[in-house]
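Here is a short briefing to read with the model open beside you.

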Amino acid sequence: MGRESGGRPVAAMTPMTYAEAVNDALRQEMRRDERVVVLGEDVAAYGGIFGATKGLLDEFGPRRVVDTPISENGIVGAAIGMAMAGLRPVVEIMYSDFLCLALDSLANAAGVYPFVSHGKVGVPLVVRTQGGPGGGAGPQHSKSLEQWTAHLPGLHTVMPSDAADAKGLLTAAIRSDDPVVLFEHKGLYASEDLVPEGEHVTPLGTARVLHHGSDVTIIAMAGMVRYALDAAASLSTAGVHAEVVDVRSLRPLDTETLVASARKTGRVVVAAETWLRYGPTAEIAAVIAEEAFEDLHAPVARVGALAVPYPASPHLESAVLRGGDHIVRAAQRLMATRRARARVPAREHT
């Protein structure tokens, strides 16, 4: 462990894949707190479908790492009871598409009990699930449904976009006394980044600026963050300086950071892998329009998937997903809108 110039300790960094970072967070919290238990389909026998729980059974045994039947509503319902009884369960739902089967427990129990009990009953539950397109997984294994849980009061909804946040946000979620749905991106599991060793906590509800710029803000989340950074690099070659903001958390939403960036640049593109209508891009665009309208030079632009289920064909899937090129074109349109307006002579007052 090194030290910053001011003398504050700095955690040593080590390369980890996204999946390894999830595993590291789970292992760290299970060692720290014996109330933390992991349950889900194949989490013990096979380490989960993406290997994120690999090796936990060997260290913590079958009472704390529990394979369950294929019954998503039953898994989440049981975990809610465990949380109310004093444990801190971490559920794995294989694909976010399958949250549809557990939505009753999430919407009508997990996020509700603390309110209807006047705060006497807590539900310190984490539901980990995997979302996003990639690999031709098809229409029933590729959805991004974070807007569903983010809509529900009482549930936190977070989306790590790299390995460091996969560890930091999951750690914060496990320690939270409120139910948290954490959307991991299956297309990121093999990606590798530097991750702080030891304890690493990323506070829930905090966005972060990944790339500073002055011309246009690109707000992105989860798997779309990598496309936003690629777009910023491409725009820089044309002299456009883009600021990239990673949302990290939809509920609570860090409106302060988002609005500050919008006011700074005056132009905003919001990008997500979800469909445009009624999704997170619409909500964030509304927040920007409400709180930064006077500072905007152009309407907020949005980038999202075509309004069709994700196909199993990788070729067709790539056509449905909007990526870095679409973000670049949206930003260029905003820049052109500003230049066109600048050429219109001001009307004289009589």
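In which strand does Glu92 lie? Glu92 lies in strand 6, where strands (E, at least two residues) and helices (H or I, at least four) are DSSP runs numbered from the N terminus. This is a predicted model, in which local features need pLDDT of at least 70, side-chain atom pairs count only at pLDDT 80 or more, and totals for chains, interfaces and linings use all residues. Residues are numbered from 1 along each chain as its sequence is written, and side-chain values use heavy atoms, with hydrogens and water left out.

**Around Glu92**
- Glu92 counts as buried because its relative accessibility is 3%; buried means under 20% relative accessible area, exposed over 50%, and partly exposed in between (1.4 Å probe, protein chains only).
- Not counting residues up to four places away in sequence, Glu92 touches Leu39, Gly40, Glu41, Val43, Gly48, Ile49, Thr53, Arg128 and Gln130, a contact being heavy atoms within 4.5 Å.
- The side chains of Glu92 and Arg128 are joined by a polar contact of 2.8 Å (a pair of N or O atoms within 3.5 Å; within protein, one must be able to donate a hydrogen and the other to accept it, and residues adjacent in sequence count only if both atoms are side-chain atoms).

**Nonpolar cores**
- The largest nonpolar core has 44 residues, of which Val91, Leu125, Ile219, Ile284 and Ile288 touch the most other members; such a core is a set of buried Ala, Val, Leu, Ile, Met, Phe, Trp, Tyr and Cys residues joined through side-chain atoms within 4.5 Å.
- Among the elements that each supply at least two residues of this core are strand 6 (88-93) and helix 10 (280-292), while helix 3 gives the most, with five residues.
- Both domain 1 (14-196) and domain 2 (208-336) contribute at least three residues to this core.
- Another core, of 31 residues, lies apart from it and includes Met30, Val65, Ala166 and Tyr189.

**Two domains**
- The protein chain is divided into domain 1 (14-196) and domain 2 (208-336), with bounds from an automatic or database domain assignment.
- Taken over C-alpha atoms, the centres of domain 1 and domain 2 are 26 Å apart.
- Contacts link 30 residues of domain 1 with 25 residues of domain 2.
- Between them, domain 1 and domain 2 bury about 2,100 Å², 58% of it on carbon and sulfur atoms; buried area is the accessible area (1.4 Å probe) that two parts lose on being put together, summed over both.
- Pro133, Gln147 and Met159 lose the most area on the domain 1 side, together 25% of what that side buries.
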